[in-house]
Every structure is written in C-alpha cells, then in structure tokens.
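Here is a short tour of a few local features in this model. Keep the structure open beside the text and follow along.

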Amino acid sequence: MDTPRLHTLIGLVVLAVAACAPTSASTSSGRDAPQAAPIQRLLVGGLRAESSTVALRPPGAGFTVNTLTNRIFNADLARIDDRGQPQPHLAEGLPQLGTENWKVLPDGRMEVTWRFRPSIVWQDGTPLSMQDFLFAWQMYRRPEYVSGTTQFAKVIREVAAPDEGTLVVSYRAPFPDALTDTLPPLPRHLLADAFERDEPSAFAHQPYWSTAYVGLGPWRLAHWEPGAFLEGAAFDQHVLGRPKIDRIRIVFIGDSNAALANTLAGEVHFSTAGTFISVEQGQELKRQWDQADGGTVALYGNSWRLAAFQFRPEFASPPGLLDARVRKALAYGVDKQAIVETIFGPGSGLAVDFFVQPDSIYGGPNLAAGVTKYAYDPGRVDPLMTEAGYVKGGDGIYANVDGRFQVKVETAVGREDMTIMASDWRKVGFDAQPSELPAALAQDAASRNLFSGLSLYTNPQISTIHVLHSSQCPKADSGYRVGENRGCWQNSEFDRISGAFATTLDPRERAAQVLAMARVYTQELPQIPLYLAPQVHFWVSGLAGIKIPGSDGDNNTNMWEWEWAR
C-alpha cells in the first residue's frame, strides 16, 4: 500500500471525569468502619439496530447478530482478547498444536481436545454437560441450521465426549480457526424436545433464540422489550467471575441524531458497536465532553468500504464491467483520499488498496509491496478504455458498439461517498448514476446481490478472503441469502489459494497465502477497495476497564471486568 502505516486506533481522545457521577455509598466513621460498597448502577449501551437473536451461533440463515450482545450473554470455548489472541473461556486452557491436544493425523484429518473448567453452569443453574455439545452438533450438522456464522459446521467430522469434562472435535482437514470458530454448547435440557418435535423453521423461531435465551455469559437476559431495549442481570456463576456491574441495558436507537442526544443527556453511557453515531457526531460529542469532562471518544478504523462489481453476465450492465481493463480504468478514476477527507475530515480515515490492515498479523511491508495500487490518476483511464474498445463521444462519455458507458452505482448506506464517486467518474467519461437502495430492499437478499453495476458496502477485514471464494456466490436456490460474494466473482487461482489458506496451520505460510491472494485480487480487481472507515466508540468517565484493541482485537472481550470506578 502507498499509505502510511495505520494503527487500528486512528484517533483517541481521552477525557476526564464522568458526566454523571454515581451516587456514593454511605460509610461509618471509626477504625472498624466497613469499606464503601461497590458502585452497581445500571450501565446503558447503545446500538443502532436491534439483533434478532443474542445467540452465539444462530440456527440458520436469516438471523442478525451483534458481537456486543454476544459478549454480554455468552461464553465460548475461547475468546479473542484486545490484541487479537485467543484466550481460554469455558476451557481450562488452549489446545497446543503439535501436542496430544491438537494433532494432524496421517490421513489428513485434524483432532482437537478441549478440557473444561470445573463447575460451569447455565444461567438457569443447570450444570453444563458434554451432552450439550453433542446435542449442539446434532443441530449444527444439519444443512438447514448452517449460517454464515457457523463455518465450523462445514469442517467438523465428528464430536465425542470421552468423559464429563473433555470434548474431542475431529475435523475433515486442518482447520486453522479451530480455537476461535468453535462448536458452542446448547442447553439440551431446554431445546431437545423442541428439536425432536419441530420442523426446522419452527425450531428456529422458538422463544429460546430471542426473549427466552439462556446462555453462559457474564449477564443473563432479564428483559427484552422488542424495538426498545434488552437488559441483562449479573450472572453470579459466570465461569470467569461475576460481573462488577449488576445490570446492563442495551437500547436500540436507529436515528443517529437521537442517539447523540441521548448520549449527551447521560442516558447512554457507552457504545462499542461503531455505528451508533456518525464520525461528525462523534466529533461533536468530543467537543461537548471536553468542556464537561464527560468521557472518552475513540475512532477505530475497522470497517472496510468497498465497491463491488457485478460479474453475473445476465445482470452486469454495461457488459464492459466484465473486462478487467474497464474495472481498472474505473479505479484510477476515483479520488479515494479526497472521498475520505470530504466525509471524515483530515486524519480520520485511510484510502486503501487491499482489505488487510497494515498492523494486522497479515499486514506489513511484504503485503504493501505485493499489491497493485490504484491511486487517483485520470491520465491512465483513457489508455485502458481505448484498449478495451471504448472511445469518447461528443458528449465526453465513453461508448463502444454496445452504446454509451452508463453504469448504476448503488448503496444502502453512505450516500455521500457514492455521490462523490459518481461525480469523479463523470469527469473522466463514465455516465455514472448514483442510486440509494431503499431500506426495505436493503433487507432483501436478492436486491442486495443482483445489482447491475457497482454496489457499495462495508465488510470486516480478513473475512473478505473467505467471502470472495466462488463457493460464497449467493445463488437463486437459497433465495440469494447464503454467501457474501455479492458480485459473484469467480477466479480459479484465488479459489485455489483461498482453499489452501483455509487449511494451512503455519502462520508464515498463511501470511504468504494472503500476499498471493492480494496479488490476484488487485490484478483482477473484483472490487474497488475505497477506504478504511473510522467508527466511533465512546464511554463516559467513571466507566473503567475498557481496553483499546489492536486491529485484530476485541474491545468487548473483558466486559465482566468493567466497573464504575466512581
């Protein structure tokens, strides 16, 4: 990449003193006076959109999930810490590659053995059993219950429990994500009867998956008011310790202006989801909190903005989009850095050439040197278009034997960058037509995937490696709901490398494979990587324990340790 090294924390403003000081606990005087009781006031977090489930792995496609609520109500075998490293959660330790706990067998299969901490219980008081894992595998192994969050279900061969405290997971092939993409347990005592009785669609709509959820996390679900909020109560028997905050409420506020107003009024104490308020609103929150000693505002660059091309011949319009030379011409015609500065202001975002952050474990100088870069260069547009058989007409717009080059550019959110891109393209000879996808259609899988020209959307970083495999192309037989390769790009070389990446365990080999995929991606250009968008995370003063993560880390990883310090 031709950009300076980016740390995940793009900007951090640390402010002091809580906007709303909690009520002090009363104490007695004298040598034997008891210590002040811990502050346990309600903690309120904000989300822009309500999830349809708080389950760690929902039963099939069609569910929306959020990592924040996942962390609140669930415990996994392992968790990702703020540095991006796995740490044991339900397990007493992590299996180590090359030992009896993690071995690759002569026939190519892989076997991982987990051993558990003692006395783990579900939030209804029922002890966790290895039978809960075996029951979960009964469910997740069925195709109708596999979703985009259950990659493990596609690679696990069998699951066994040799004793009450040990789980052995056998994989069809080496699976490098075995410590982080794991089989979650399900409460057999609550779900087994419904699983045996109900059809998959009815089972997936059991109240358990929403308002009656029972998990293993730091808080148990106490109340869910659909469309308004959900609330958790501290779970005394959480495996890593009781949360220091008694109650946590997550409110759903779809309008960002209302979200900011509620935050400034002290009604919302934190948001680590990134989309609760805009960057501009985050700057206003910083300004006002700076005057009132209100809290911390942090801008994290952890969301990639991409413009995907349509590769289905029956939908691609104009057909020239299927020509890599045309796609490259379009890339050279976009001033990505100007887009970033216009939308976010100087220093708040980063124009990118590939979908791995420089400070990621897969980033660094080798990756930066290996990708083809498409910095804004209008002078390179015409040679590429001429080579592809296009000439400019009297109106300054490119055309070929099929007619004028008119392309539709659509997005469900972020109209501003779409409008700037369309303007850039018109200046160099493309008749680009911006189109905002209505909210109702944005929820429709076919509408999201069957665009005609380019679709702008955001995506997590390393997951793009998986979603660009041709097997992730949404198809009609699934109602276009399964798979995230929106434009249906298919490249055999990328598939080969991506497939190898999915089964390679050695970190050095994996880094080399990421570089090889980056070369194919930037030469063929199935998407135009635009920028690393900053997202606003904030928390009020007095709320302690939140960790600032690296690019691969999770700042909600230790929520049970958060506390009201004053």
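## A strand pair and its sheet

Start with E7 and strand E8 (residues 166-171): the two pair in the antiparallel sense, with five bridges between them. One spot to look at is Ile 156, which stands opposite Tyr 171 in E8. Keep in mind that this is a predicted model.

Now zoom out to the whole sheet. Four strands make up an open sheet, running in the order E5-E6-E8-E7, and the pairing is antiparallel. Which strands stand at the edges? Strand E5 (102-104) and E7 do; each has a single partner strand, so one side of each is left without a neighbour in the sheet. On average, neighbouring strands of this sheet are turned by 15 degrees against each other, direction ignored.

A helix joins in here too. H2 packs on the sheet and touches E7 and E8. The direction of H2 makes about 160 degrees with that of E7.

## Ser 147, between H2 and E7

Stay in this part of the chain and look for Ser 147. You'll find Ser 147 in the loop between helix H2 (130-140) and strand E7 (156-163).

Is Ser 147 buried or exposed? Ser 147 counts as buried, because its relative accessibility is 8% and the cut-off for buried is under 20%. What does Ser 147 touch, leaving out residues up to four places away in sequence? The answer is Pro 58, Gly 60 and Ala 61.

## The disulfide

The link of Cys 473 and Cys 488 is left-handed, with -100 degrees about the S-S bond.

Where do the two cysteines sit? Cys 473 is in the loop between helix H14 (463-467) and helix H15 (492-501), and Cys 488 is also in the loop between H14 and H15. The two are 15 residues apart, and the pair links distant parts of the chain.

As for solvent, Cys 473 counts as buried because its relative accessibility is 3%. Cys 488 is buried as well, with a relative accessible area of 8%.

How values were computed. Residues numbered from 1 in each chain as written. Predicted model: local features only at pLDDT ≥ 70, side-chain atom pairs only at ≥ 80, totals over all residues. Heavy atoms only, no water. Disulfide = S-S within 2.5 Å. Buried < 20%, exposed > 50% of the residue type's maximum accessible area, 1.4 Å probe, protein only. Contact = heavy atoms within 4.5 Å. Pairing = 2+ DSSP bridges. Axes fitted to C-alpha atoms, helices over the stretch in contact; angles between N-to-C directions.
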